[in-house]
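User: Hi! Could you walk me through this one? I'd like to start with how the terms are set.

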Amino acid sequence: MNQEDPITTRLREGDPARDRTLGEDESRRMRARILGMVTDTRPVRWHRPAFASALLILIAVAGWIVLGPGSERSPDAAIPTPMAQAVPTDGDAVTQEEKTTRQVQYTTPGGTRVIWTLDPDFQL
Amino acid sequence: MIEAAFSIPAETGTDPQDRIGRLFDQHHQRLYRLALRMSRNEEEAHDLVQDTFLRIAKKPSSIPETESGAEAWLVRVLVNLCRDQFRRRKVRDDHRADVTGTGSERDHEEAVIASETVRKALARLAPRRRAIIVMHELEGLDAREIAHALGVAKVTVRWHLSAGRKELATILGPKGDTP
């Protein structure tokens with residue numbers, strides 16, 4: 001910047017902000033006013049404990065469906081994933097007391113889908 | 001889904017109030033001085049600074065992540081507020097009056113008169129040009145820094161500097177002369 005430039009010199013001599021600052025009290029008041037208007041726009045995040053609890057409950061329910069009373073498993077069967085579910089053999093919604101056969105479906109860790117049909121009347 | 005739920009947020013613990021409070025503490029004086037040079041009086045300068053911070057308070061997500069980016073952002077918001085004011089008030093028409101002020105003002109100290117003269121002369125410039133002149137001549141920033149602060153090209157800064165200085169030379173006239 002050319003220090004001897006007349007325009008620069010005049011502007012600096014007449015600088016409206018020379019030696020000026022916002023007073024301490026006024027700064028404090030302004031700060032409080034501004035912070036009172038702050039809008040928290042951060043996205044809502046899942047709370048880890050709540051989500052972990054929900055996940056455990058889901059796994060427990062799935063496990064009960066697969067491993068609960070009435071389901072038969074071969075010792076050699078792959079460990080079922082939480083996706084395992086018991087379904088009726090046909091598409092109709094019927095109670096377990098009325099049906100003699102049940103199906104157990106699950107997916108192995110390798111991705112193979114296994115469907116067991118459990119028929120107490122089955123004979124070789 | 002599990003990964004997303006357990007991912008750590010990018011700004012863990014960055015409360016918007018804390019961030020804006022820090023920005024205020026770091027930059028409000030600089031913005032006040034800029035506002036004094038950009039506006040017609042102290043009250044207007046005060047409102048400009050406050051409105052600048054209020055604007056970012058309403059939308060904290062718009063603040064750039066880096067400190068230098070945040071400072072430039074604040075300057076830009078202040079200059080844009082000046083531009084809005086300028087358009088609303090059609091300042092050019094109001095400032096066709098004698099730049100050197102009235103007779104009663106000549107009774108004041110010379111420094112006050114000089115300050116008022118410069119303030120009124122700067123007010124005759126369009127806000128962006130005014131901001132560029134102020135930042136270069138009074139804050140000592142170079143063209144690159146001004147371009148970054150205002151989000152414009154360096155060539156635009158140089159053009160406004162050249163045109164602004166010519167305009168001020170016409171408005172202010174030779175020192176000691178009354179236009």
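Predicted model: local features only at pLDDT ≥ 70, side-chain atom pairs only at ≥ 80, totals over all residues.

Analyst: Happy to! Contact here means heavy atoms within 4.5 Å. Among contacts in chain A between residues at least 6 apart in sequence, 22% join residues at least 24 apart.

User: Thanks. What is the secondary structure of chain A?

Analyst: Chain A has three helices and three strands, in the order α-α-α-β-β-β along the sequence. Helices (H or I, at least four residues) and strands (E, at least two) are DSSP runs, numbered from the N terminus.

User: And how many residues of each chain are in contact?

Analyst: On chain A there are 33, in contact with 50 residues of chain B. The two chains bury about 4,000 Å² between them, 64% of it on carbon and sulfur atoms; that is the accessible area (1.4 Å probe) lost on being put together, summed over both. In chain A, A:Arg10, A:Leu11 and A:Pro16 lose the most area to chain B, together 18% of what that side buries.

User: How many salt bridges across the interface?

Analyst: Four are found between chain A and chain B, counting a side-chain nitrogen of Lys or Arg within 4 Å of a carboxyl oxygen of Asp or Glu. A:Arg31 forms a salt bridge with B:Asp25, with the closest N and O atoms 2.8 Å apart. As for helices, α1, α2 (24-35) and α3 (48-67) of chain A each supply at least two residues of the side that touches chain B. The largest share of that side, seven residues, comes from α2(A).

User: Switching to α9(B): which residues are buried?

Analyst: They are B:Val157, B:His160, B:Leu161, B:Gly164, B:Leu168, B:Ile171 and B:Leu172. These cover an arc of only 110° around the axis, which puts them on the same side of α9(B); the arc is that of the directions from the helix axis to the C-beta atoms. Buried means under 20% relative accessible area, exposed over 50%, partly exposed in between (1.4 Å probe, protein chains only).

User: What about the other side?

Analyst: There, B:Val155, B:Trp159, B:Lys166 and B:Thr170 are exposed.

User: And what do the buried residues pack against?

Analyst: They pack against α1 (6-13) of chain A together with α6 (110-123), α7 (127-138) and α8 (143-150) of chain B.

Note on methods:
Residues numbered from 1 in each chain as written. Chains lettered and ligands numbered in written order. Heavy atoms only, no water.
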